[in-house]
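Student: Could we go through this one together, beginning with the ligand and then turning to the aromatic rings?
Tutor: Gladly; have a look at the model and ask as you go.

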Amino acid sequence: MTPYQDWDPRAPEVLADPIAAYDRMRERCPVAHSDYLHHSVFRHADVMRILQDHTTFSSQASRFVSVPNSMDPPEHTAYRAAIEPYFNATRMAEFEPTCRQICAELVAALQHNASTEIMFGLAHPFALRMQCAFLGWPKTLYEPLLQWINKKNVATLSGDAHAIAAVATEFDQTIRDLLKVRRQAGDQAPDDATTRLMHETVNGKPLTEEEIVSILRNWTVGELGTMASSVGIIAYYLAAHPALQDQLRHDPSLVRAANDEILRIHAPLIANRRTPTCPVRVGAAQIQAGERLTLIWASANRDEAVFGDPDEFRLDRDPALNLLYGVGIHACPGAPLARLELEAMIQALLAGTRHLEPSDEHPPMPAIYPASGYRQAILMIRHDD
Ligand code: HEM
């Protein structure tokens, strides 16, 4: 570690238990510099202030344009308006039966009264099937998409810009092929989210192929990265907290609040970036225009100053304080889809099993940054046979 670094986000002790490491940083150095993440912001109040001031804190914090993630108003406003309807109540109601069917099939396929590795037995298949069903993509993409998200995570951890660009290009080609098939099909193209996106306009102009691919890449990262992590985190948390399992089995109306609270305690998405447009102070740190800020969701949502004991599970917390889906103009547009899918999965898992238990012999292995949650988590799944 070079002398001017406050911490090393890729140090073995950080990667071994990232949440505990971020907890320590929030206390020790709430705005911390590192070569890899530049200025990491750990406290809830600082993150909230940055999210609510998108004029001072721009989202153009990467050399790659990402629609709409890396855009600022007014450009962001127009693109955001084009994608929001894909997650509105009508679309969610249309998707719900398919979503519940997928959950039921995945839970039915879990081995009875046996140890099951839930990342590859449940979480990744869940995310792949949901993604392809929501966008109208073929099952033949399951394997390439799974490999792609793994390669993307490896490239991000390496910090190698060329590797990151190469992985993005690989994904783009897969999507361009899908778009080509739809273009060739003309009127016969399926009526699904991907085809609808191809006919979308922003400021009166059709989306370019680059823009469509970028939108789909961001949705894919949301689904395959964050949703798979969420399923692993939730399933393991329920297994480790039998009283909560019983409570939710008895009263499924509590699932919404429980879902958001579990993912507050253990974030499925570690961080996002911003860059100041002018010199600005954040906490004790003076940040120059153009420098990078990394907002650590996995820390801010555990800040004692707001939540008291970060590990205390409570169903009566103020939802406005939970940063799970962000705050402000970039708040997650996919949140209605994420909630629908996760709630359907929790309900199917609890309804289709009698009891979930963590394995005594095999403690869970943490995912490696930038992924969150688990690389491997083994549960004993008990059914009534
Ligand atoms: C549990 C699952 C998810 C979590 C925790 C999550 C969390 C977040 C957060 C915190 C942000 C704000 C980023 C920022 O302020 O820079 C965000 C933005 C975004 N999310 Fe999600 N997300 C999830 C699932 C999804 C899904 C399923 C999709 C799409 C299919 C999606 C698409 C997006 C997009 C496009 C943005 C950028 C919005 C903008 O810049 O205006 N997310 N998400």
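Student: How far is an oxygen atom of the ligand from an N or O atom in the side chain of histidine 330?
Tutor: In this predicted model, an oxygen atom of the ligand lies 2.6 Å from an N or O atom in the side chain of histidine 330.

Student: Which elements give two or more residues to the shell around the ligand?
Tutor: Those elements are helix 4 (75-83), helix 10 (209-240), strand 7 (271-276) and helix 15 (335-351), and the largest share, five residues, is contributed by helix 10.

Student: And how many residues surround the ligand, and which are the closest?
Tutor: The ligand is surrounded by 25 residues, with His76, Arg80, Arg274, His330 and Cys332 the closest. Sorted by class, the shell comprises 14 nonpolar, nine polar and two charged residues.

Student: Switching to rings: how many aromatic pairs are there?
Tutor: The count is twelve aromatic pairs. In one of them, tyrosine 86 and tryptophan 219, the ring centres are 5.5 Å apart and the planes meet at 55°, so this pair is classed as tilted.

Student: Where do tyrosine 86 and tryptophan 219 lie?
Tutor: Tyrosine 86 is in the loop between helix 4 and helix 5 (89-108), whereas tryptophan 219 is in helix 10, so their pairing ties together parts 133 residues apart in sequence.

Student: Are those two buried or exposed?
Tutor: Tyrosine 86 is buried, because its relative accessible area is 4% and buried means under 20%; tryptophan 219, at 12%, is buried as well.

Student: What about phenylalanine 95 and phenylalanine 134, what kind of aromatic pair do they form?
Tutor: Theirs is an edge-to-face pair, with 5.4 Å from centre to centre and 70° between the planes. Since phenylalanine 95 belongs to helix 5 and phenylalanine 134 to helix 6 (residues 118-135), the pair ties together parts that are 39 residues apart in sequence. Phenylalanine 95 is buried at a relative accessible area of 6%, and phenylalanine 134 is buried at 13%.

Student: Which residues do ring pairs link into a cluster?
Tutor: The cluster linked by ring pairs consists of Tyr86, Phe87, Phe95, Phe134 and Trp219.

Student: Last one: which ring does the charged end of arginine 10 sit over?
Tutor: The charged end of arginine 10 sits over the ring of tyrosine 36, at 3.9 Å from its centre. Elsewhere, arginine 264 lies over the face of phenylalanine 307, 4.6 Å from the ring centre.

Note on methods: Residues numbered from 1 in each chain as written. Predicted model: local features only at pLDDT ≥ 70, side-chain atom pairs only at ≥ 80, totals over all residues. Heavy atoms only, no water. Near = heavy atom within 4 Å. Polar contact = N/O pair within 3.5 Å; in protein donor to acceptor, adjacent residues only side chain to side chain. Helix = DSSP H or I, 4+ residues; strand = E, 2+ residues; numbered from the N terminus. Nonpolar A, V, L, I, M, F, W, Y, C, P; charged D, E, K, R; others polar. Phe/Tyr/Trp six-rings, centres within 6.5 Å; stacked < 30°, edge-to-face > 60°. Buried < 20%, exposed > 50% of the residue type's maximum accessible area, 1.4 Å probe, protein only. Lys NZ or Arg CZ within 6 Å of the ring centre and 35° of its normal.
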